[in-house]
Amino acid sequence: MPIHGQARASGMRALWMPMLLPGLVASALLFAPATALAARPLTMEQSVALALEHSPRLIDGQAEAASARSRWDAASRLFQSNPQLQASVGPRFRDEPDTLELNVGLSQQLELFGQRAAREDAARAASAASHARLESLKVELAAEVRESFGRALAADRALRLAEDASALAEEGRKTAEARFKEGAANQIEVNLARVELGRAQREKVRATQRRTQALAELKLLVGLDPGEDLTLEGELQVTAVPLPDTSMLVEQASRQRQDVIAARAEWEAAQAEVRFANRDALPRPSLGVSYGREENDTIIQGTLNLDLPLFNRNQAERGTSSARERQARQRLAVTERFVRTEVELAVNRYRLAQASAEAFSADVLTALQENLDLVTEAYRAGKVDALQLLIIRREAIEGRRDYIDALEELNAARAQLLRALGTLR
């Protein structure tokens, strides 16, 4: 290419490069591999908020609450039926010249015996029951998410412990083989170290599987994509909250548990349905006005239509509503008894879990780690044999694993207690 052609091309590149650079950068970011994206951080409270917003388990409850609210709005209307229009027109035949007669009437059915008030009370209570059932679903979902999040935290911590144990077992194998070469150990010690390494690696695989399963269950609960990478933030809490007397907690749960509120509202709705069924047997008069033309005369009349409840006195609906009222009353009593039992069980579980977690004090955990460090150094120096090393190492690892299990149980007991008390947090 001639020199002036090269200069022109270089100038064109210099001109277009600043304009193309932002697009190239954006394309690189857009088509970057998914693995380059940072893992999503997630706390326990964030997971609860996500579940309450995206969980498909609330869809039916939300739809039911919206439908019940619409029925309440409909029952609150002053007139439950539309006005009726009647019209008639035709000739009158006679010896004299025929005439055209016209009659037009308009009537509206009225509820004068408390039907509207009873219907509105029933719809209002049914709407309150649907809303309370939805809130109860939210409380149960929040407790399940908290328990699942704690299980995932425990699985993550157990995996780190398994990795530490595997590293210790690998170090022990290397030490045993080195001592064997020096003549300070026999083949049995080397075999024991290799077997212990195999156990540690198998436990690491199991811990990895448990963590994967726990994270998958958590993602399913909160409505996240199964392939999304998560980083769990927070730790399992050690400090437990002191609880008041069990009777006070039972009373608190009876006031604020949404399933109890729903049962009470359903009983109120059933009572209102009984009142409506009894009053619906009474007549519903229709008042109206009519206009007519007869032989060139104008006729205006008031009209009254009244159905006579001689044969159909709403017997079927009255019997059905009475049965529903008894059923709702019995369900409320059963629910209140169940709440008392559930609160007592949750309190007992929480106190036992609290005592179990507090048994692993800082001194106990420190002593386990000190024993592990001391026996490892003593084995390297030839002061203890492989069996002593293996026993103390397993005790230290099992102690730390028991501590993780105790913290997981305390978190699950706390979640169950919140669910039993009927509170989101």
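This briefing walks through a sheet, a surface patch and some salt bridges in the structure above. The structure is a predicted model, where local features need pLDDT of at least 70 and side-chain atom pairs count only at pLDDT 80 or more, while totals for chains, interfaces and linings use all residues. Residues are numbered from 1 along each chain as its sequence is written, and side-chain values use heavy atoms, with hydrogens and water left out.

**The sheet**

- Let's start with an open sheet of four strands, in the order S2-S3-S5-S6 and with antiparallel pairing.
- Its edge strands are S2 (84-92) and S6 (297-305), each of which pairs on one side only.
- From one strand to the next, the twist averages 15°.
- A few terms: helices (H or I, at least four residues) and strands (E, at least two) are DSSP runs numbered from the N terminus, and two strands pair if DSSP finds at least two bridges between them.
- For angles, axes are lines fitted to C-alpha atoms, for helices over the stretch in contact, and the values run from 0 to 180 degrees between N-to-C directions.
- In general, strands of a sheet pair through backbone hydrogen bonds, either parallel or antiparallel.
- Strand S5 (residues 286-294) is joined to S6 by nine bridges, and the two run antiparallel.
- Tyr291 sits opposite Ile300 in S6, and Gly288 has Thr303 in S6 as its bridge partner.
- S5 and S6 make a hairpin with two residues between them, and Glu295 in the turn has a positive phi of about 50°.

**The nonpolar patch**

- Leu85, Val89, Leu100, Leu102, Val104, Leu106, Val289, Tyr291 and Ile300 make a nonpolar surface patch of about 850 Å².
- Patches are built from residues with over 30% relative accessible area and no salt bridge, joining like charges within 9 Å and nonpolar side chains (Val, Leu, Ile, Met, Phe, Trp, Tyr) within 5 Å.
- The areas come from the Shrake-Rupley method with a 1.4 Å probe, and for residues only the protein chains shown count as cover.
- S3 gives the most to the nonpolar patch, with four residues.
- Leu102 has its place in strand S3 and is partly exposed, at a relative accessible area of 31%.
- Here, buried means under 20% relative accessible area, exposed means over 50%, and partly exposed is in between (1.4 Å probe, protein chains only).

- Thr175 lies in helix H4 (residues 115-182) and is buried, with a relative accessible area of 16%.
- Leaving out residues up to four places away in sequence, Thr175 touches Tyr379 and Arg380; contact means heavy atoms within 4.5 Å.

**Salt bridges**

- A salt bridge is a side-chain nitrogen of Lys or Arg within 4 Å of a carboxyl oxygen of Asp or Glu, and by this rule the count comes to 34.
- Arg151 and Glu147 form one at 3.8 Å, N to O; both lie in helix H4, four residues apart, which is about one turn of the helix.
- Arg151 is partly exposed at 29%, and Glu147 is partly exposed at 22%.
- Arg211 and Asp156 meet in a salt bridge of 2.7 Å, N to O.
- That pair links distant parts of the chain, with Arg211 in helix H5 (residues 187-222) and Asp156 in helix H4, 55 residues apart.
- Glu196 forms a salt bridge with Arg199, their closest N and O atoms being 3.5 Å apart.
- Glu196 and Arg199 are three residues apart in helix H5, so about one helical turn separates them.
- Glu196 counts as buried at 8% relative accessibility, whereas Arg199 is partly exposed at 34%.
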